[in-house]
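Dear colleague,

Please find below the structure that I am handing over to you. I would ask you to look through it first and then to read the notes that follow.

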Amino acid sequence: MPFAGTRPPARRPRWKRLDPEEVRGIRLLSPTFLYTLAFLVGPVLLVVAYSFWTQTYLTFDHTFTLENYRVALTEPIYRDLLMRSLYISFIVSLVTVIFAYPIAYYISFHGGSRKSLLLFLITIPFWTGYLLRVMAWKVILGYKGVLNTGLIGLGIVDKPLESLLFSSTAVIITLIHAWAVFAILPIYVSLEKLDRSLLEAATDLGDGPVRRFLRVTLPLSMPGIIGALLIVMIPTVGDFVTPKLVGGTEGQMIANAIQIQFGKASNWPLGSALTITTMMIVTLMAGASVLVLRSLVRWMR
Amino acid sequence: MLDTVSAASKPMIEISGLRKSFGNFEALKSISLNVQEGEFFSLLGPSGCGKTTLLRLLAGFGEQTAGTIAIDGQDMTGRPANRRPTNMVFQSYAIFPHMNVEENVGYGLKRLKLDRQEEQRRVREALDRVELGALGKRRANELSGGQRQRVALARALVMRPKVLLLDEPLSALDKKLREQMQVELRHLQKAVGITFILVTHDQYEALALSDRVAIMFDGQVAQVGTPKDIYQNPVSRKVADFLGGMNFVDAEIAEENGVSLTLDAAGFGRVRAPKPQGYQSMGRQITLGIRPERLRVLWDDDQAEHQIGGQVIDRHYFGEVTQLIVEIPGFKAPLAVTETNDFGADDIPVGSAIRLAYDPDALVAMND
């Protein structure tokens, strides 16, 4: 080193002044960070770029245009598909959380020494692949499926219900089953963290079981509920396997349209615009749900 | 059972034949107790003695196996915790983390459907009482341990319970703060006039705060009385040992009459001591005890009417006092002597011969 003089430390740039603890933290994070950068942020930026271009057969016209967004937002077919996707994912996440809460509550409060066993049992359906589980629902919901045969056998209906399979309802039922565990676990964790003496305090201060649940248990398990809701809501909007297999024409969702644009239709820019639009709207819907739940809790107590 | 509170005051809590079992384990074995209105009553005992179980039964958490609890003349059997005239200060304070101080204190009032001004007035009054008036908007996680404790107190007091139950409320605080809170708790109780039941394993806390103390061992009440009474006249070795230090000396019963015993003890000679509560003749042997601070070191030529001599075999320095361990010829165990340090007890060398003065009235006979 030719230069040996000492520089006052204050003049060093900020990133050189990090203390060793911070440096270690950044080093620990960097592999994940680089991975995310390369395989998540990069592709998303690429999709954003595509959405402003035009495809002419095999080449892309790189002039900036909002035409794709116009199509995505105004064409009735895409609007309907998007609305249906949002509706399905909203219903699925809501119903999943409503089903999951009592299960999580039971395991946390009454599971006793069998808690681990019960949680383990819940994961059993996940030992088979996602496709297989969807196919299993096909067998249950089909025209001559388990449900229809059973209903006829019991004399509740005299001919098979046709609306069971290949409908939005079929998609909703299948998705609720598929995502149940992902909703149970966050709620279970938030209930486990709940200090039981808080419940005794609420009782001691005069609350019966229902008021106590609404004023203490529910608000304090809200992080778990919100987590469960988002975990289910966000991926289900973009699901295309389930609608393809059990949705029929009436149960198609926006992701199926996006898949077609990137595949058969070969219109990547439109597919990208649809993707970005969906992402934005899902973000808004998720944010709105969180706000509504939060204010609900505030109002209840 | 000895009741030192005047007969004029009425009993607030009447417990009779109370038992509680968890499976095969008997946590409470037939407890009978009366607590007077406005009394500061402590349940003192080592961990696992059943004191917390008893407190929880009073609050309505859990059902007794047998026996009854009556509060203010009303039988509490089968009445859930949310409909009892009691409120509790939990050991962990159980402050609702999703609410601020005011909302915590006002929690129980919401159900009473008071008008808004009255509710706020009562919350403010309770907060002022525990000197938290300025912190109403603070969230639970922004409070120190002492402040959380005050919130828990205010939250219970604002309900104006007939009985306030305190489950080791000071055990989580450091020593200085604990001593300060003890004084405040005592003043608070006198100011509000509510019956307080305090569970504690800290003997000094129980002695300093209470009108009366019940000492519990193994699910049973061993002794009930004023702090002074149980400290000076413990009924058994166990009580004496749990409540401060005690020197035990074997003695032989020479004579017995209705209220007192005449005893022969090595070193102390012939002494008379009142019969302990619940005394039952169990042969001629009995234990005699004397508190370490009731033995006094005799300096140089000092003389006393009653004295014994021995040799210092160990010395412990505690700052304000020194404890000397003195071996007395003919005694099975050495005597502990606590002497304040004003006269230089901390300078007495180990190994020196020493004479100790005692007051024969300080000797107590105890059941085993």
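Contact, as the word is used in this message, means heavy atoms within 4.5 Å. Helices (H or I, at least four residues) and strands (E, at least two) are DSSP runs, numbered from the N terminus. A residue is called buried under 20% relative accessible area, exposed over 50%, and partly exposed in between (1.4 Å probe, protein chains only).

This is a predicted model, in which local features need pLDDT of at least 70 and side-chain atom pairs count only at pLDDT 80 or more, while totals for chains, interfaces and linings use all residues. Residues are numbered from 1 along each chain as its sequence is written, chains are lettered from A and ligands numbered from 1 in the order in which they are written, and side-chain values use heavy atoms, with hydrogens and water left out.

Helices of chain A

In helix 11 (residues 254–262) of chain A, the buried residues include A:Ile254, A:Ala257, A:Ile258 and A:Gln261. Their cover includes helix 3 (76–110), helix 9 (209–237), helix 10 (241–247) and helix 12 (268–300) of chain A.

Helix 3 of chain A also holds A:Ser89. A:Ser89 is buried, with a relative accessible area of 0%. Leaving aside residues up to four places away in sequence, A:Ser89 touches A:Met233, A:Thr236, A:Val237 and A:Met285. The side chain of A:Ser89 also reaches the backbone oxygen of A:Leu86 at 3.4 Å. This is a polar contact, that is, a pair of N or O atoms within 3.5 Å; within protein, one must be able to donate a hydrogen and the other to accept it, and residues adjacent in sequence count only if both atoms are side-chain atoms.

Helix 5 (residues 130–141) and helix 6 (residues 146–153) of chain A pack at an angle of about 25 degrees, with their axes 4 Å apart. Helix 5 of chain A is therefore roughly parallel to helix 6 of chain A. Axes are lines fitted to C-alpha atoms, for helices over the stretch in contact, and angles run from 0 to 180 degrees between N-to-C directions; angles under 35 degrees count as roughly parallel, over 145 as roughly antiparallel, 65 to 115 as roughly perpendicular and the rest as oblique. A:Val139, A:Ile140 and A:Leu141 in helix 5 of chain A meet A:Val146, A:Leu147 and A:Asn148 in helix 6 of chain A.

Sheets of chain B

Two strands pair if DSSP finds at least two bridges between them. An open sheet of four strands has the order 2-1-4-5 in chain B, with antiparallel pairing. Strand 2 (25–36) and strand 5 (74–75) of chain B are at the edges with a single partner strand each, so one side of each has no neighbour in the sheet. Helix 1 (residues 51–59) of chain B packs on this sheet and touches strand 1, strand 2 and strand 4 (66–71) of chain B.

Strand 1 (residues 11–22) of chain B is joined to strand 2 of chain B by eight bridges, and B:Pro11 has B:Gln36 as its bridge partner in strand 2. Strand 1 of chain B pairs with strand 4 of chain B over five bridges, where B:Ile13 is partnered by B:Ile71. Strand 4 and strand 5 of chain B pair over two bridges. In their hairpin, which has two residues between the strands, B:Asp72 takes a positive phi near 55 degrees.

A further open sheet in chain B consists of five strands in the order 15-19-16-17-18, again with antiparallel pairing. The twist averages 50 degrees from one strand to the next. Strand 15 of chain B is joined to strand 19 (residues 353–358) of chain B by four bridges, and B:Val297 has B:Leu356 as its partner there.

Nonpolar cores

A nonpolar core is a set of buried Ala, Val, Leu, Ile, Met, Phe, Trp, Tyr and Cys residues joined through side-chain atoms within 4.5 Å. The largest has 76 residues, and B:Leu153 and B:Ile197 have the most contacts inside it. Helix 5 (residues 145–157) of chain B supplies the largest share of this core, six residues. Apart from this core lies another, of 56 residues, among them A:Tyr78, A:Val171, A:Ile184 and A:Leu293.

Yours sincerely
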